[in-house]
Amino acid sequence: MRRTPTEAELEYIPNVSFKRNAICQNYMQYGMDGDIQDYLAEQLDANPKLLAWLFDDASLIGKSHLALDCGRFEAFQDFYNSLSIYDD
């Protein structure tokens with residue numbers, strides 16, 4: 001799991017390290033059925049406010065990560081990929 005934020009994460013995701021840790025803690029407490037990336041994907045489907053929380057932007061409530069602009073999409077992909085157990 002990568003802990004150092006990318007440039008895109010730093011630019012588009014406020015408090016990215018805190019948010020990565022929050023996702024990890026919630027996964028450890030509630031999401032042991034799959035890996036942490038599966039957990040995040042499930043939470044995106046279950047919680048329409050998750051992207052709004054991640055980007056601190058209420059206009060994203062109910063939106064899919066596929067609807068993000070290029071910069072935010074890159075930041076989201078970096079965030080998602082940082083949760084991989086195979087990423088150092």
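**View 1. Gln 37 and its surroundings.** The side chain of Gln 37 reaches the backbone oxygen of Tyr 80 at 2.9 Å, a polar contact (a pair of N or O atoms within 3.5 Å; within protein, one must be able to donate a hydrogen and the other to accept it, and residues adjacent in sequence count only if both atoms are side-chain atoms). The model is predicted: local features need pLDDT of at least 70, side-chain atom pairs count only at pLDDT 80 or more, and totals for chains, interfaces and linings use all residues. Residues are numbered from 1 along each chain as its sequence is written, and side-chain values use heavy atoms, with hydrogens and water left out. Gln 37 lies in helix 3; helices (H or I, at least four residues) and strands (E, at least two) are DSSP runs numbered from the N terminus. With a relative accessible area of 13%, Gln 37 is buried (buried is under 20%, exposed over 50%, partly exposed in between; 1.4 Å probe, protein chains only). Beyond its neighbours within four places in sequence, Gln 37 is in contact (heavy atoms within 4.5 Å) with Tyr 80, Asn 81, Leu 83 and Ser 84.

**View 2. The largest nonpolar core.** This core holds 21 residues, of which Leu 51, Phe 55 and Phe 79 touch the most other members. A nonpolar core is a set of buried Ala, Val, Leu, Ile, Met, Phe, Trp, Tyr and Cys residues joined through side-chain atoms within 4.5 Å. Two or more residues come from each of helix 2 (16–30), helix 3 (36–46), helix 4 (50–55) and helix 5 (70–82). Helix 4 gives the largest share, five residues. Setting aside neighbours within four places in sequence, Leu 51 is in contact with Leu 44, Leu 60, Lys 63, Ser 64, His 65, Leu 68 and Phe 76.

**View 3. Pro 48 in the loop between helix 3 and helix 4**. Pro 48 counts as partly exposed because its relative accessibility is 47%. From Pro 48 to Asp 38 the separation is 10 residues in sequence and 16 Å in space, C-alpha to C-alpha.

**View 4. The whole chain, for orientation.** Buried residues make up 39% of the 88 residues. Among contacts between residues at least 6 apart in sequence, 51% join residues at least 24 apart.
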